Structures are given as C-alpha cells and as structure tokens.
Amino acid sequence: MNKTELLGRWTREKSEELYGIKNWGAGYFSISDKGEVLISPYKDNDTASISLMDIISGVRERGLDMPVLLRFENLLDSQISFLNNSFADAMKKLNYKGEYRGVYPIKVNQQQQVVEEVTKFGQRYHHGLEVGSKAELVAALSEMKDKEACLICNGYKDEEFIDLGLYAIKMGFKLFFVIEIPGELDIVIERSQALGIKPNIGIRIKLSAKAGGHWTESGGDRSIFGLNMSQVISLVDLLKEKNMLGSLRLLHYHLGSQIPNIRDIRSAVLEAARVYAELVKEGAPMGYLDLGGGLAVDYDGSNTNYTNSRNYTVEEYCTDIVEAVMSTLDSCDVPHPTIVTESGRTTVAYYSVLLFNVLDVEKFEEYGDVPDKLDENIAEQVKNLFDVNKNLSLKNIQECYNDALYYRDEIRDMFKHGRISLRDRAFSEKIFWNTINQIAKEKMKLKNPPPDLEDIESAIADIYYCNFSVFQSIPDSWAIDQLFPIMPVHRLLELPKRNAVIADITCDCDGKIDHFIDLHDVRSTLPLHELNGDDYYLGVFLVGAYQETLGDLHNLFGDTNVVSVRINPDGSYDLVKEIHGDSVADVLSYVEYDPKDMLIHFREKAEEAVRDGLISASDRREIMQAYDNGLRGYTYYER
Ligand SMILES: *Cc1c(COP(=O)(O)O)cnc(C)c1O
C-alpha cells in the first residue's frame, strides 16, 4: 500500500487537492461528478460547463487526431472583462479621475484568430493592441476597428514603419510611437514633417527598480530598451527645439513578464509616476501612463512570490497601481492620466488547453522478480548485488542503496570489458531495479528518510510516453523550466496509483517533463492512473501565452490541430473553427524540401527497383501510395 491508498476511498475532492485544480484554475477549471475536467467560462453560471471528455469525443468524431490544442474563446472574453472591470472597480473605489485603457501585446500569441477575438471582445472596453515590429503593426491595422482604443508601437522602427503609423494617425487611429532608443526620434520628426502629420510620441524609460523572476531582465539600468534619465531630458530638449513638445503624450516602461512580487510592481509604478509628473512640469501635454506587462499568472496555484506564481490577485494589482499613481500625482498637483497596461500573459494564458493521449508506459518494477537462488557460476559481483537484495531491511536501506549502485556500476564496467555476458548483465539489472523498488517502499515508512534517498521515487517513476512534442507545444517547459499544470482530464474518481514522468515522442533526452506544480515545492513525478486498455488523456493547462509561436520544429513535429470552442450559456458548445495541424509535407517544405520533387525522386528509385527485379510493378504502386500517405499524414502518432 502506498501513502495515498492509506487515506481511504478516492474521491473527486482528493483529485482536486492532488492536482491543485482549484488553486490554479481561477474558477474556470474544475472536476465533475463523473470525475472529468470541466470548463466553466461564466463565474456566475454553473450550467454552462463542458467536460473536456465531451469535447475530445466531438473532436474525434470529426476525424481530428491528438494532440489537439483547444482554444476557449469564452475564457479570453472573460479575462478581458475581468481585467477591465478590476481596473474600473479600483478607480471607482479610489475616486480616480482618469481612465484605464488596456492593450494586448500581439507577440504573446500572434495567431490571427486570437488577435481577432481580442479586438472583438475588447471593443466594449476600448481594449487596444501593442505591436513590437512592422509585421505586427501591419497585422494590428487589419484587425483593429475601434478608434478609441490605443495602438502602442514599441520596438525598432524604420522609415517604412513610421510612415505607416503616421498614415494610421491621419486615418484616426490612436497610435503612439514609443521611442526606445534615442536615434529613433530623428526619423519620427523628419517623417512627420515630410508627411505633414502630427505624431503621438511616447518614451520608454529604464527604471532603477528591478524585479525578481524569470523574465525580468527588461527592467533595470542595463535593460536593452528604453532611455535613461539624461536621454529623456535630451529628448525633451530636442522636441522643444523643434517646437514639437506638444506631441509628447505617453510614458512607458516594461519591467518584464511574470513578475511574482507585488512590491516590485509597486515600486516601479511609483518611480514612473514621478517621471511622468516631471514631464508634465516640463510642459509636455502627456495624458497616458503605460505600465507595460508583468501581471503574472499563478501557474502553480501557490499564491506566493515563487517564479511560477504571484503573491497578489488581479484586483490587488489594479488597486495598487491606481493608488500608487494617485498618491504620486496628487502630491504634485498633476491631473490623473489614462493608465495603460500591456497585459498579455494574463489575457491569454487560460484560453488554451493542450490535450494528448498516452501511447505507452515503461515501468521499472516490471523487470521481474528476483529468484531465491543463484546459478553457482555467476560472477562474484552479481552475487554481491543479489546479497544486497536479500538482506535489505528498514535499518540498512541507506547502506543497501549505496552498495546496489556500486555493484551495478562494477557490473556495467565488466560488461564493457567483455568479462560478463549480456544475459548476466540483464539479470543483474533485474536485481538492481527490484532492490531500488524495495528501498523506495521501505523509505516511505521512515519519518526522516536519509537525504540521499530524496529522489528515489523519480528514479523508479514510470515513464508515460505521450503523443506530443514539448518543443512544439510547451517550449518554455524545456527552455526555462516553466511549470504548467498537467493532469488527467478523466478517471478522477479513481486513485492514481502510478508516479510518472512524461516523455514526448521526439525521442530527445530533453523531450520530457519531470517537474510538476506543487503547493509548497516542485514535484519530480506526477501521480497518474494505470492504463486500462482505453485511451488515457492528459491536459496541459494555461498554455495560451507565449507557447504557440515560440514552439519549434524539433524532429519535424509540426503545429498541432487547433480547435476553437465556444461554450453557450445553456451548456451546449460549438466547435467554431478547426485548423488542421501541419502535415509531413508542410513541415518538410518549411525546411525547404519540395514535396512534389520528393515524390518524383522516390518514384525514380521505385522504378529502378522494378527494373532491378527487387519489386513488382504492382508493389511499386503500393509503395508509392505508402510514401504519398506519409507525406500527407499528421506529424504525430496517428491511429
Ligand atoms: C512582452 C511584452 C509585454 C507582455 O508582458 P506580459 O507579462 O505577458 O503581460 C508587454 N509589453 C512589452 C513591451 C513586452 O515586450
């Protein structure tokens, strides 16, 4: 019996606690009476909940294979409302005189459908867009309809970029050029004079405040972008000299993404608000204070200042910002500006769920039982390992562990030098894993297990081989060890008896997940259910931000199928859109193969084989069909 079994009958509540779904789910994700993960987009309407298993069968019936990325447009809608309402509430409560205007940074998820939905759902709040490149500006201008919403232009800007932005201003867009490096201002001045269009200018500043967390190199004195204070003063002087100070409308900074500590956020706002006040005193009209991104997502649900979490709520974030801006500006009699934030992560993280099936499992105890007696002639080292196995007890587990490792390594070494057969080495491995399994079981009885044995569970954890690519679908899990909530989406009324790590199908040693969320720590294994012959589905949650376009074609696993779901208030749902994932031909063409040429080349080889008498002409037809099917196929494991 293991620890969880000792706790008695398994229930939905136990699954909720084990996987922490209430902590990270933000009210959107829960477990149903049937033990399946439910999505509930409306916080005040329980009937509008859909089981992910229903969606999986709907998707399957339509002929789409796993892995599938689901996008729930209601969750995007809901997050945009939540952010805007939270700022509105905070401003009302504190009697703030300005407004809030959010913008969505396109880079966080550039997919056309995502940007389209942001502008659609954002319209009632005049929620705008932020762009960091020419391509993003071109995309934004095609998606944006609301002239009240802000369009913030960050990033390097060349003449083409600036001309396009100036024309957009002339057409009535509320577009701001944010000056990131001093030289940029000259082009803005020159082009606006040449075209006779008055620009809206913003300045990005470097703050002395620096935040903790993974992504926060963007703040601080050494951050790549932004002007330091003496550059800010030179810029003001240049604008004055050109008689263009009237165009200076906005102050911006970006401290970095996923800022876990509210104190860092607050001190940055205080510093920026001071700079804002000084610019007003210099005579600039200003009006907009853009605090960038950074509003974090609580991926592990711990509500702490750990990198994968945050020690504040969205409401607290808004209140703290509004209060910090007010307190600074009121003390120097400067009118309250429109507060802009560029929250990307919080806006889209909840929106997408990655689903995949488990293909196979490797269990380390399945190397088999150890016999009672040994062959007389077997090598001494194997005998020693055997004795360790037979003499193991609670009192000597540490010693047995060290010995087992020692003899295993010796036996491996002997094998390399030809002093032991493959059969005997295989036999010794069976004894070794049996020993490690026993040690892990004994260890659970100890109150204070020896520190050396801390990771023994992960050493004997099952490997669940799953139908997806870490590199393509959750690149930050690989690149920066970011944690995402992962759990089975069904069978949640059953005890998950296995402890597992997850391997993807890239066969790359980095293509695995062996860090999982935990309330107080990071777990090295994930409790999962034993496979029972039916499909077993896992979900990776909160993957809407940054994962889609950062993904790469490692081992040529391409984009997954994407299905957009709309959940209706009566509890029905529509599959609004489906986008087929890349085919093998698609991914090959990304790396400059031409599928048509490939077919020709392969056909020539097949014809040669016919000529050489290796295959018949009708074999050739079947072989060509197989090659063609391969080209058309999904890059993942198909049924
Ligand atoms: C990436 C980025 C953002 C988005 O930050 P989040 O933490 O995802 O909200 C906002 N502004 C700028 C300038 C960025 O580079």
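# Structural briefing on a predicted single-chain model

The chain contains 23 helices and 23 strands, where helices (H or I, at least four residues) and strands (E, at least two) are DSSP runs numbered from the N terminus. This is a predicted model, in which local features need pLDDT of at least 70, side-chain atom pairs count only at pLDDT 80 or more, and totals for chains, interfaces and linings use all residues. Residues are numbered from 1 along each chain as its sequence is written, and side-chain values use heavy atoms, with hydrogens and water left out.

**Overall dimensions, burial and charge**

- Taken along the principal axes, the C-alpha atoms fill a box of roughly 100 × 75 × 55 Å.
- Of the 639 residues in the chain, 56% are buried; buried means under 20% relative accessible area, exposed over 50%, and partly exposed in between (1.4 Å probe, protein chains only).
- The accessible surface of the chain is about 28700 Å², and carbon and sulfur atoms contribute 48% of this area. Accessible areas come from the Shrake-Rupley method with a 1.4 Å probe, and for residues only the protein chains shown count as cover.
- Among contacts in the chain with a separation of 6 or more, 75% are between residues 24 or more positions apart; contact means heavy atoms within 4.5 Å.
- There are 69 positive and 102 negative side chains, and the centres of the two sets lie 2 Å apart. Lys and Arg count as positive and Asp and Glu as negative, while His and the chain ends are not counted. Each charge is placed at NZ of Lys, CZ of Arg, CG of Asp or CD of Glu.

**Helix 23**

- Helix 23 (residues 617–632) has 16 residues and reaches 23 Å from its first C-alpha to its last, close to the 22 Å expected at 1.5 Å a residue. The expected span is 1.5 Å times one less than the number of residues.
- The buried residues of helix 23 are M624, D628 and L631. Viewed down the axis of helix 23, these buried residues fall within an arc of 55 degrees, so they line one face of the helix; the arc is that of the directions from the helix axis to the C-beta atoms.
- An α-helix has 3.6 residues a turn, so residues three or four places apart point the same way.
- The partners against which the buried residues of helix 23 pack are helix 21 (584–590) and helix 22 (595–611).

**Backbone features in loops**

- M66 and P67 are joined by a cis peptide bond with omega of about -5 degrees. P67 lies in the loop between helix 4 (52–61) and strand 4 (68–72).
- L542, a residue other than glycine, has a positive phi near 60 degrees. L542 is located in the loop between strand 21 (537–540) and helix 20 (547–550), and counts as buried at 0% relative accessibility.
- Y546 is not a glycine either, yet has a positive phi of about 70 degrees. Y546 is also placed in the loop between strand 21 and helix 20, and counts as buried at 14% relative accessibility.

- G511 is in the loop between strand 16 (498–503) and strand 17 (512–513) and is buried, with a relative accessible area of 3%.
- G511 and F468 are 43 residues apart in sequence, and their C-alpha atoms are 9.5 Å apart. Leaving aside neighbours within four places in sequence, the contacts of G511 include V470, F471 and I502.
- I567 belongs to strand 22 (residues 561–567) and is buried, with a relative accessible area of 1%.
- I567 and I50 are 517 residues apart along the chain, with their C-alpha atoms separated by 7.3 Å. Not counting residues up to four places away in sequence, I567 touches residues including I39, P41, I50, F72 and Y573.
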